[in-house]
Amino acid sequence: MKSQTRCVVIGGGIAGCSTLYHLTQEGWSDVMLLERDELTSGTTWHSAAQVTNFGMNQTMVGLKSHSIALYKKLRDDPDYPVGYHHGDGGIRLANTEAQMDGYRHFASMARGMGVTFEVIDAAECARRHPLISTENLVGGLWDGEDGDIDAAQLCQALAFHARRAGAEVHRNTPVTGLTQHRDHSWTVHTAKGDIHAEVVVNACGYRVNEVGAMMGVHHPVASMEHQYFVTDDIPAIAEAGHRMPLLRCPISDYYSRQEKNGLLVGFYEQGCKTWGMDGISPDFSNDLCPDDLDRVMDVLEGAFARMPVLAEVGIKRVVNGPITYTIDGAPLVGPVPGKRNAFCIIGLRAGLGEGGGHGWLLAQQIVHGEACYDTWGLDPRRFTGHANVELTALKAVEDYRNEFRFHFPHEHRPAGRPAKTTPLTPILAAEGAEFTVVNGWERADYFKPTPDFHETPSFRFTEAFPVIAAEVAAVQNAVGLCEVNGFNRYELSGSGVHDFLDRMICGAVPRKAGRVGLGYLLNHHGMLKAEATVADLPDGRVWYGSAAAAEWHDMDWLTQHLRADEDVRIRSLTNDSTILVLAGPKARAVMQAVSRADWSAEAFPWLSVRECFIGIAPAVVMGVSFSGELAYEIHVPNAQLYAAWLALRAAGAAHGLRLFGARAVDSMRLEKGYLHWKADLLTEFDPFETGLGRFVRMDKPDFIGKAALAERQAAGPRHRLVCLHVHGDAAPAHGGASVMREGRVVGTITSGEWGHRVGMNLAYAFIEPKLGAEGTELSIDIIGALTPATVIPMGPYDPALARVRA
């Protein structure tokens, strides 16, 4: 075993083997994989190994499509063929029209990735899968490329091809420790000697936190016991003349696929069980948990009702093994938070089905810095300090119980809440707040008109529509107050702050105390990385503010580019302060009543910042607006937050002040042409394609990504972000929906919502540049209906910005 390599991948299951293989495909041959036992001796060996195209967003669909293409290639490779049943087809069942709406949306979304799903009725489900009953069945979603693969053969084939490209694979080589050096390289300590590596990858399945502890980090990954059984032969399968489609049933929480002439049937029971919470025996390898079929009897009864043949057949064997979950059910694939040259590919609950794609995206990130898709939905930094063991376990149980039940728009499930709160959270609850969750923070979504008000989650407009309209009207006509907690905030100080930010941001950076600016950070490929509000305070201090979800993402990006000789210090204030937003034409009058400062337009114009008091509470106030109305962002230390709140509520009473929530903000920002990070601002697009050319200064000496952006600018845009007026009022256009023209996909929706001030159903979409002219007529596939839409100017509400400058 050599003592030096470019990258060490730790773990020999599908995650590690896929990463190793794809690193060689991206041009890195000096790479190694270390496995403590034999390849596939963890979860991989007992996986049901189903391979589907279905995903909750386009990134997931894309990586699964890559997996399928790769597995077909490996199946047909004469040197090392893999057993792969591709194209058996699969059905996801539904017993409500609301679920069918979801399937119609997912079919629209997948179309944009070149994947075809069919939405079929109950009779067609039974025709394609003759073993099922149509009782209490509305229909389903058909994936014609669904199938299953031999897990062990797949991993061995990936390792074989990686070795042939120059990689090394070492079995029975447990990692005993990790040491990081000043140059950010690593020493990987093993029982067979030390290895010096530029990069390490944690691909350790259910042992993820054993290796995480060696790095000094904890990953929000928990394991669940999962059971399936294999039946005796079923005559109807042997006589069918074709393989039975796969079946996934959210009605009865089970799945099935053909296994020889019988069925493999797996369960997601409500009385589920976590595993390994108090540690894992070092001897647990190629092993299983004790059978416990009593635990799944309630689910089994539902499976018998849906598939009566199961009640008539014997069981050959039972498998009960651990599978890993994260807080939101999606894997953690990307940089390890707070570490350099450390990556992970963990929490792959459906590892075999999507592992080929996960390894592909991770290898791109390691070699090139970014992947071809925006990978935020998989990024390990999307969870921050709240993601402890207890929360992860609670969310893993919840997600396991709902394995085949997708999230509806604005649906926030209850397990593990509240994780993060402010002193105002109980106050807002008493005021009738319905809460959403942003990076663990409980944030008011809207305010219920009556205590018994209930919104039915749906892909269509809901009962909350008039409630949000009323909140918007209050902000437009009088004044509204909103808490924005968790907003990411760093204080930068030192003599080199402005030069540092000038190098990080592609546009102008405020250099005058008392002024605020908006800036965009690019990656080295010239693509959008981050959005920041930059405010110059007295004494040379600068506040950097960004989306709540960006807390760890942006800190990593800034600190990784801070030079050793720069006098810059970065201090996080994210968890110490909270923003109160006061917005509307009467906002100035309220501010004048609670503060001795002069709030006139002359003394405090738009894009100003000052320190002051709100009543007795110290605050930093910025004249910025995400609503398009005259507004003040009031940053208050959490210890004084309630005092500031009381002062604003008391002063606002004379002006008709009303509380508003995040849903009203989202409606108003769409009317103004304001973009949302990781909805509209994606690493797949550059600032010119995103309509942010006014924030780019190509005449600056340099900024990160400038050279690559110049090349892209010379080549011309591949896409263009536009605003669409949707000519329909049944449903908003949801992110991922396909934009159509003459029967083909020409773009993808990023955001959509009703604009209550302009009276329009609005959507943003990246489309082909030649179709971006105002007045162009297009269509959007909105939950199965082709809905006409017209390209209109970005920001149809108050385009002259008269109201924010009032």
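Hi everyone, let me start with α14, which gives the most to the lining of the second largest pocket, with four residues. Helices here are DSSP runs (H or I, at least four residues) and strands are E runs of at least two, numbered from the N terminus. Keep in mind that this is a predicted model, where local features need pLDDT of at least 70 and side-chain atom pairs count only at pLDDT 80 or more, while totals for chains, interfaces and linings use all residues. Residues are numbered from 1 along each chain as its sequence is written, and side-chain values use heavy atoms, without hydrogens and water.

What is a pocket here? On a 1 Å grid over the protein atoms alone, a pocket is an open set of points with protein on both sides within 12 Å along at least five of seven lines, and lining residues have an atom within 4 Å of a point.

The second largest pocket has 30 lining residues, and Phe343, Gln365, Gly369, Trp557 and Gln560 lie nearest its centre. At least two lining residues each come from β12 (193–202), β20 (342–346), α9 (351–368) and α14 (551–560).

So where does this pocket lie? It sits between domain 1 (4–378) and domain 2 (488–574 + 685–712), because both give residues to its lining. Those bounds come from an automatic or database domain assignment.

Finally, the record: UniProt, in an unreviewed entry, places "domain: FAD dependent oxidoreductase" at residues 7–364. UniProt positions use the numbering used here, feature names are shortened, and annotations may be inferred rather than shown by experiment. That span is 29% helix and 29% strand, and its end C-alpha atoms lie 13 Å apart.

Definitions and conventions. On a 1 Å grid over the protein atoms alone, a cavity is a set of points where a 1.4 Å probe fits but cannot get out, and a pocket is an open set with protein on both sides within 12 Å along at least five of seven lines; lining residues have an atom within 4 Å of a point.
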